[in-house]
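Me: I'm new to this one. Can you walk me through what I'm looking at?

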Amino acid sequence: MNNPAQFFDDLRAALATAERTLAPAGPARLPTVEDFREWRRGLGLSADDAAGLFGVSTAAVRGWERAAGPNPFNRTAARLLLAVRRHPGLIEDLRLLAGR
């Protein structure tokens, strides 16, 4: 390392490139009921399993997926789904918290 200043300039440039490459395209969009259903089924989770992960009742999950009833898919659940879709490792943390 002949020039420490150049090393740090190169490192900053590499990090900036990595951030642009890894950053999601465009602003985050809150998932919809259809996104939730597709995610749950894609992972092979039952409505009961998904309810345990999200800390809600099975009836709430079924209500979201029917998009009916007194408990529609809410912004909190949508944000949680957005997080677990971007960071699948969170599912294991949620399972531990749910005791599953």
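Reply: One term to start. Rings of Phe, Tyr and Trp (its six-membered ring) pair if their centres lie within 6.5 Å; planes under 30 degrees apart count as stacked, over 60 as edge-to-face and the rest as tilted. By that rule, ring pairs link Phe36, Trp39, Phe54 and Trp64 into a cluster.

Me: Before we go on, where does the model come from, and how are residues numbered?

Reply: This is a predicted model: local features need pLDDT of at least 70, side-chain atom pairs count only at pLDDT 80 or more, and totals for chains, interfaces and linings use all residues. Residues are numbered from 1 along each chain as its sequence is written, and side-chain values use heavy atoms, with hydrogens and water left out.

Me: How many helices and strands are there?

Reply: The chain has 6 helices and 0 strands. Helices (H or I, at least four residues) and strands (E, at least two) are DSSP runs, numbered from the N terminus. From that end the order is α-α-α-α-α-α.

Me: How much of the chain is buried?

Reply: 27% of the 100 residues count as buried. Buried means under 20% relative accessible area, exposed over 50%, partly exposed in between (1.4 Å probe, protein chains only).

Me: Back to the rings. How many aromatic pairs in total?

Reply: The structure holds 5 aromatic pairs. In one of them, Phe36 and Phe54 have ring centres 5.4 Å apart and planes at 90°, so the pair is edge-to-face. Phe36 sits in helix α2 and Phe54 in helix α3, so this pair ties together parts 18 residues apart in sequence. Both Phe36 and Phe54 are buried.

Me: And what about Phe36 with Trp64?

Reply: Their ring centres are 5.2 Å apart and their planes at 90°, so Phe36 and Trp64 are edge-to-face. This pair links distant parts of the chain: Phe36 is in helix α2, Trp64 in helix α4, 28 residues apart. Both Phe36 and Trp64 are buried.

Me: How do α2 and α3 sit against each other?

Reply: The axes of α2 (residues 33-42) and α3 (residues 47-54) come within 10 Å and cross at roughly 110°. That makes α2 roughly perpendicular to α3. Axes are lines fitted to C-alpha atoms, for helices over the stretch in contact, and angles run from 0 to 180 degrees between N-to-C directions. Angles under 35 degrees count as roughly parallel, over 145 as roughly antiparallel, 65 to 115 as roughly perpendicular and the rest as oblique.

Me: Which residues meet there?

Reply: From α2, Phe36, Trp39 and Arg40 meet Ala47, Ala50, Leu53 and Phe54 of α3. Contact means heavy atoms within 4.5 Å.

Me: Is α3 enclosed or open?

Reply: Largely enclosed by the rest of the structure, because 6 of the 8 residues of α3 are buried. Those are Ala47, Ala50, Ala51, Gly52, Leu53 and Phe54. The cover over them includes α2, α4 (58-66), α5 (75-86) and α6 (90-98).

Me: Tell me about Ala51. What does it touch?

Reply: Ala51 lies in helix α3. At 2% relative accessibility, Ala51 counts as buried. Not counting residues up to four places away in sequence, Ala51 touches Val56, Ser57, Thr58 and Val61. Ala51 and Ala98 are 47 residues apart in sequence and 9.5 Å apart in space, C-alpha to C-alpha.

Me: And Leu53?

Reply: Leaving aside neighbours within four places in sequence, Leu53 is in contact with Trp39, Leu45, Leu80, Ile91, Leu94 and Arg95.

Me: Which residues touch the most other members of the largest nonpolar core?

Reply: Phe36, Trp39, Leu53, Phe54 and Val61, out of 15 residues in that core. The elements giving two or more residues to this core are α2, α3, α4, α5 and α6. The largest share, 5 residues, comes from α3. A nonpolar core is a set of buried Ala, Val, Leu, Ile, Met, Phe, Trp, Tyr and Cys residues joined through side-chain atoms within 4.5 Å.

Me: New topic: α4. What's buried there?

Reply: Thr58, Ala60, Val61, Gly63, Trp64 and Glu65 are buried in α4. The buried residues of α4 pack against α2, α3 and α5.
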